[in-house]
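User: Hey, I've got a structure open and I'm new to this. Can you walk me through it?

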Amino acid sequence: MDKVLIIDDNSSIVSALEILLSLHDLQPLCAITPQAGLQLLRENKDISLVIQDMNFTADTTSGEEGRELFFAIREISPDLPIILLTAWTQLEMAVELVRAGAADYLGKPWDDNKLISTINNLLELGELQKRQRASQQQAMNARSELREKFDLQSIIYRSDNMQKLLEMATQVAKSDVPVLITGPNGAGKEKIADIVQANSQVRDGPFIKVNVGALPEDLMEAELFGAEPGAYTGAGNKAREGRFEAADDGTLFLDEIGELSASGQVKLLRVLQTGEFQRLGSSQTRRVKVRVISATNSDLPKTIAEGSFRQDLFYRLNVIELRLPALCERPEDIAPLAMSFLREKGNSKKLSPQALTAMTRYQWPGNVRELQNVMQRASVLCQEDTIDEAVLALPEQPVAEKIDISFEPSRELLQQTLASCNGIIAQAARELGMSRQALYRRLEKHGISY
Ligand SMILES: Nc1ncnc2c1ncn2[C@@H]1O[C@H](COP(=O)(O)OP(=O)(O)OP(=O)(O)O)[C@@H](O)[C@H]1O
Ligand SMILES: [Mg+2]
């Protein structure tokens, strides 16, 4: 049974409310002064809602006492739903207080049915908020636990999908199986590779990074496997150690693996299978023990179908696949990343709510790298303390991708808007042009935690 605290100096109002609440399966607690009410509130942590009067001294009607009480309650219990019982003269003040959140008001004399339905609405809302806080708390705990246990290379994220990805990355880091990191441009694939290496058994060994797309075919093979003097045009007259040798007992990160030549693929497959390879122009077999992490933003199954990537190599490389979502698939990460890029530039500028909303709606085709660039530009260009939408100069998106909010908002839009408003329901509701209640209903319907 929900406990409802009634604070009113008029004893006939108190007893009327007491009876009404008892009839509706609510347990009333009563106080006739603000002090007594606050005392009860401190003693009963399980009070679910407060009904309060606005005036407590016989000759006052200003509502000031009610306002003070309201904020005193908020101080003890920031999210406790409060219903203000007001005379019509205090309507303006009531409206202002209600805007501060989790509250409603009723003019005296009240309508019993209306009061009960207001109570039920607020209780439901309070319950939802409690659940939301609990799940946020849980997510936060999971994040800090991961951060304590592993070296996360100061990666910034808040989304659940990144949490899952990082849990998997840190878990597979310890084994020596090959890891393939896939994801679009600038989404942070190299950052994930750094995390896998930093938490591996060979974190103190060499960590060699090779961008496979950066060199022509035979140079790349020499780069990876080494070469004897004169092994290829321009090889020079000195033997050359390859990156595999350099990475022995450590980690080799092969970026843009989809670019590897056909013969390079054969050699790579062999090292992965046996640890053996030969330098270009040499018949001497060498052995290494190397943890291979590879990355690609191309669709390898498609390149396999087209015949330009070996399927057997693919299966070797992606024993574990870490699939990095595009930034627009994890809108919760946008604000914390943006803030961190601003702080990195050593400035204390803030983003306006409009700027945050625009950033959440933008698709970020260049992902985190693009966000980084936008924040760098904005922090240089912006003269004010607050960075506004205009300074961001985000490119126009094709009309088809623009979100039309005159329709029923999609799950994605709800999530994006909520994230851009830092989870502030009132603000998100305003953005979406709907009431808070309407927004709660939709969040519930889509099972979005908020
Ligand atoms: N979650 C994150 N937290 C902090 N910085 C990040 C994060 N993700 C990416 N970055 C930064 O964004 C930039 C791009 O990331 P990274 O180079 O890892 O992306 P990528 O997927 O390898 O890109 P490409 O496809 O171009 O190779 C880097 O400066 C990186 O440090
Ligand atoms: Mg990269």
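Predicted model: local features only at pLDDT ≥ 70, side-chain atom pairs only at ≥ 80, totals over all residues.

User: For contacts between residues at least 6 apart in sequence, what share joins residues at least 24 apart?
Analyst: In this chain, 68% of those contacts do. Two residues are in contact if their C-beta atoms, placed from the backbone, lie within 7 Å.

User: Ok, how many helices and strands are in the chain?
Analyst: The chain has 19 helices and 14 strands. Both are DSSP runs numbered from the N terminus: helices are H or I with at least four residues, strands are E with at least two.

User: Is the chain spread out or a compact globule?
Analyst: More spread out, because its radius of gyration is 31 Å, well over the 22 Å that the globule rule gives for 450 residues. That radius is taken over C-alpha atoms, and the rule is 2.2 Å times the number of residues to the power 0.38. Along its principal axes, the C-alpha trace spans about 105 × 40 × 40 Å.

User: How much of it is buried?
Analyst: 35% of the 450 residues. Buried means 20 or more other C-beta atoms within 10 Å of the residue's own, exposed means 12 or fewer, and partly exposed is in between, with C-beta atoms placed from the backbone.

User: Is helix 17 enclosed or open?
Analyst: Helix 17 (residues 411-420) is largely enclosed by the rest of the structure, because 7 of its 10 residues are buried. Among those buried residues are L413, Q415 and L418. Their cover includes helix 13 (334-344), helix 14 (353-361) and helix 18 (425-432). Just after helix 17, N422 takes a positive phi of about 50°.

User: Which residues are joined by a cis peptide bond?
Analyst: K108 and P109 are, with omega about -5°. P109 lies in the loop between strand 5 (103-107) and helix 5 (112-149).

User: New topic: what surrounds ligand 1?
Analyst: 16 residues do, and the closest are I156, G188, K189, E190 and V368. A residue belongs there if its C-beta atom, placed from the backbone, lies within 6 Å of the ligand. Helix 7 (189-198) and helix 15 (367-381) are the elements giving two or more residues to this shell.

User: Last one: in what order do the strands of the open sheet run?
Analyst: The 5 strands go 7-8-11-6-12, with parallel pairing. Strands 7 (207-211) and 12 (320-323) stand at the edges with a single partner strand each, so one side of each has no neighbour in the sheet. Strand 8 (residues 250-255) and strand 11 (residues 290-296) pair over 5 bridges, and G250 stands opposite V290 in strand 11. Two strands pair if DSSP finds at least two bridges between them.

Terms used: Residues numbered from 1 in each chain as written. Chains lettered and ligands numbered in written order.
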